Amino acid sequence: MTDIKEKGDRMEEACGVFGIYAQDRDIHAADAAYYGLFALQHRGQESAGIAVADGKGIKQYRNLGLVPEVFDEDVLKGLTGRIAIGHVRYSTFGGKDVINAQPVVARCKIGMLALAHNGTLVNADALRTDMEDNGAIFQTTVDSEVILNLIARESSKGLLEAIKSMMSVVRGAYALVLLSKDKLIGIRDPYGIRPLCLGRIGDSFVLASESCALDAIGAEFVRDVQPGEIVIIDEEGIHSVHTPCPLDSRLCLFEFVYFARPDSVIDGINVYQSRVEAGRRLAMEDDIEADMVIGVPDSALAAAMGYAEVSGIPYGDGLAKNRYVGRTFIQPDQGMREMGVRTKLNAMTRNVKGKRIVLVDDSIVRGTTSRRIVEMLRTAGAKEVHMRISSPPVLHPCYFGIDIATNEELIGHGHSVEEICRFIGADSLRYLSLPDLRKTVAGSGCQFCTGCFDGRYPIDPATGEMIEKE
């Protein structure tokens, strides 16, 4: 699974959130949000939005498309205010419509609120039905509006108590940035399934899904927001409130396999180094003879380098990526989809012809794209193609912000490694084991959600009950 894969043959990203409280007068909050979202573009390419507060009210702009397509200079100039939140979206819940773009905004007893959400709730439908039965009106189909409604209806108790009340009833994954007329608030679910970090630039504070967004605006990384923590930033500074949490956090392990940018650090783990280590461990007990190791751009390149380092097989370039083709590339039928793969990726014939190739990728979802890449390399003259995957087989759906909903969508579910190897047309296929993948993130001090690999979820998807680790 890489970013060349078309819809249906990839684990689609979680969303990305960003927030800034600009105490420094020379920082334009909307501009900072723009660059922060641009750095998080890999987490969602369907829509983008920014909401700003000026102490009196909230303005917002959102639309379908990539960040530079949605915003221009005139739009950003109109978003005046010292506090801003932003969102890039991939729809794991709700349809692909501009009305479902975030941030979502609502008016309540204490004024306007805006919310941006990364993650998915497992009990959103039940909560929505209950609220609709009691007269609530929803404008969107996203679970993020359920969260905002829960906060708004308890807002007369004060914003902090309303947030605590919301957290007591919602179940699932959420990293939130919440905007009121004079506050920026960050909230991470009790298991810490989705990442959220805190940064600082001068006297201003920043919240973001990944540390790479802090780097983009010159902010210093301060720390990760803790599971179950509420971070409140206002004119008086920063305040932290901790809510009841399970004994073990459960950060999504797939963040390190694919979702996060390689230059990010999440809960103390360097994403790039974890991927290099995955490649190293993949090669440790592999005795394949080959002439060159190549990686599928871009997320598997670090793993390919690690594999080459340990195996002693030279690392090389075998696939060229067209970096001007976005992830939203339209593929309306099978013929166009196959052309789309060739448009985004092409084999470097001179480098691979007559060679035995170790092809490293980070995962296989349906297998159709892996199959086309193997075919592409063979057409270019590769003598052998040995597929190596720097994560375990994806066997189960994700319910916490990744767009894989059923077992039937996963080639790893119900098919042996040998059967998958035959389907993709490789000479051999090997996956990294789950114990070895865990070792690539050792030392973080947190635990991980591995549900897509082993079916062990931190929250029961059917009942919403929280499950302590065995």
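The structure is a predicted model, in which local features need pLDDT of at least 70 and side-chain atom pairs count only at pLDDT 80 or more, while totals for chains, interfaces and linings use all residues. Residues are numbered from 1 along each chain as its sequence is written, and side-chain values use heavy atoms, with hydrogens and water left out.

View 1. Helices (H or I, at least four residues) and strands (E, at least two) are DSSP runs, numbered from the N terminus. Two strands pair if DSSP finds at least two bridges between them. Strand E9 (residues 197–201) is joined by four bridges to strand E11 (residues 220–224), and the two run antiparallel. E9 also pairs with strand E10 (residues 204–208) in the antiparallel sense, over five bridges. Within that pairing, Cys197 stands opposite Ala208 in E10. E9 and E10 form a hairpin with two residues between them. Gly202, in the turn, has a positive phi of about 65°.

**View 2. The open sheet of six strands.** The strands follow the order E5-E6-E7-E8-E12-E13, with antiparallel pairing. Strand E5 (104–108) and strand E13 (237–242) are the edge strands, each pairing on one side only. From one strand to the next, the twist averages 20°. E5 is joined to strand E6 (residues 111–118) by five bridges, and these strands run antiparallel. Val104 has Leu115 as its bridge partner in E6. Helix H5 (residues 143–153) lies across E5, E6 and strand E7 (175–179) and runs at about 140° to E6. Axes are lines fitted to C-alpha atoms, for helices over the stretch in contact, and angles run from 0 to 180 degrees between N-to-C directions. In a regular strand the side chains alternate between the two faces of the sheet.

**View 3. The loop between E4 and E5.** Asp97 has its place in this loop. With a relative accessible area of 39%, Asp97 is partly exposed; buried means under 20% relative accessible area, exposed over 50%, and partly exposed in between (1.4 Å probe, protein chains only). The C-alpha atoms of Asp97 and Glu46 are separated by 9.0 Å, although these residues lie 51 residues apart along the chain. Pro103 is also found in the loop between E4 and E5. The peptide bond from Gln102 to Pro103 is cis, with omega near 5°.

View 4. Helix H1 (residues 29–39) is mostly covered, with eight of its eleven residues buried. The buried residues are Ala29, Ala30, Ala32, Ala33, Tyr34, Gly36, Leu37 and Ala39. Their cover includes strand E1 (16–21), strand E2 (47–53) and strand E4 (83–89). It also includes helix H2 (67–70), helix H3 (73–78) and helix H7 (211–216). Contact means heavy atoms within 4.5 Å.

**View 5. The crossing of helices H9 and H10.** Two packed helices are described by the angle between their axes and the distance between the axes. The axes of helix H9 (residues 271–284) and helix H10 (residues 301–311) come within 6 Å and cross at roughly 40°. H9 and H10 are therefore oblique to each other; angles under 35 degrees count as roughly parallel, over 145 as roughly antiparallel, 65 to 115 as roughly perpendicular and the rest as oblique. H9 passes H10 in a right-handed crossing, a crossing being right-handed if the near helix is turned clockwise from the far one by less than a right angle, and left-handed if anticlockwise. The residues of H9 that meet H10 include Tyr272, Arg275, Val276 and Gly279. Among those contributed by H10 are Ala302, Ala303, Met305 and Gly306. The residues of this contact divide into ten nonpolar, three polar and three charged. Here Ala, Val, Leu, Ile, Met, Phe, Trp, Tyr, Cys and Pro count as nonpolar, Asp, Glu, Lys and Arg as charged, and the others, Gly among them, as polar.

**View 6. Arg281 in helix H9.** Arg281 is found in H9 and is buried, with a relative accessible area of 19%. Arg281 touches Leu432, Asp436, Lys439 and Thr440, not counting residues up to four places away in sequence.

View 7. Most residues other than glycine have a negative phi, and most peptide bonds are trans. Asp267 has a positive phi of about 45° although it is not a glycine. Asp267 lies in the loop between strand E15 (265–266) and strand E16 (269–270), and counts as buried at 14% relative accessibility. The peptide bond from Pro297 to Asp298 is cis, with omega near -5°. Asp298 is found in the loop between strand E17 (292–295) and H10.
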